[in-house]
Amino acid sequence: MQDKPILVYGADWCGDCIRARKFLVEHQVPFEWIDIESNQIAENFVIQTNQGMRSIPTILFQDGSILVEPSNATLAYKLGIA
């Protein structure tokens, strides 16, 4: 897997965020959860990244790529999980 965790920007009330976190945990992918409800800098990052929208989860990978509201299949493809 990866040296450093990926960054998952989201909120505890968000169903897509819960699903993405569960997927990452089940596949033992290290990640850091960043709650945009309690972190203004993180919320600003999400809004800036998503052209003014508060779309979550926004997931930042070590290679600098970003996935927004990805499906489990998209996450699996990005992470090389069969």
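So, the radius of gyration: the protein has 82 residues, and a compact globule of that length would have a value near 12 Å. The protein has 12 Å, which agrees. Keep in mind that this is a predicted model. If you draw a box along the principal axes, the C-alpha atoms fill roughly 35 × 25 × 20 Å.

Okay, what is the chain made of? We've got 3 helices and 4 strands, and from the N terminus on they run β-α-β-α-β-β-α.

Now the contacts. Take the ones between residues at least 6 apart in sequence: 53% of those join residues at least 24 apart.

How much of the protein is buried? Buried residues make up 37% of the 82. As for the accessible surface, that comes to about 4900 Å², and carbon and sulfur atoms account for 53% of it. On the charge side, there are 6 positive and 10 negative side chains, with the centres of the two sets 4 Å apart.

Let's zoom in on one residue, S55. Where do you find it? Look in the loop between α2 (40-49) and β3 (58-60). And is S55 buried or exposed? The relative accessible area of S55 is 12%, and buried means under 20%, so S55 counts as buried.

Who does S55 touch? Leaving out residues up to four places away in sequence, the partners are V46, N50, V68 and E69. V46 sits within the 40-49 stretch, that is, in α2.

Technical notes
Residues numbered from 1 in each chain as written. Predicted model: local features only at pLDDT ≥ 70, side-chain atom pairs only at ≥ 80, totals over all residues. Heavy atoms only, no water. Helix = DSSP H or I, 4+ residues; strand = E, 2+ residues; numbered from the N terminus. Rg over C-alpha atoms; globule rule 2.2 N^0.38 Å. Buried < 20%, exposed > 50% of the residue type's maximum accessible area, 1.4 Å probe, protein only. Contact = heavy atoms within 4.5 Å. Areas by Shrake-Rupley, 256 points an atom, 1.4 Å probe, with all protein chains shown as cover. Lys, Arg positive; Asp, Glu negative; His and termini not counted. Charge placed at Lys NZ, Arg CZ, Asp CG, Glu CD.
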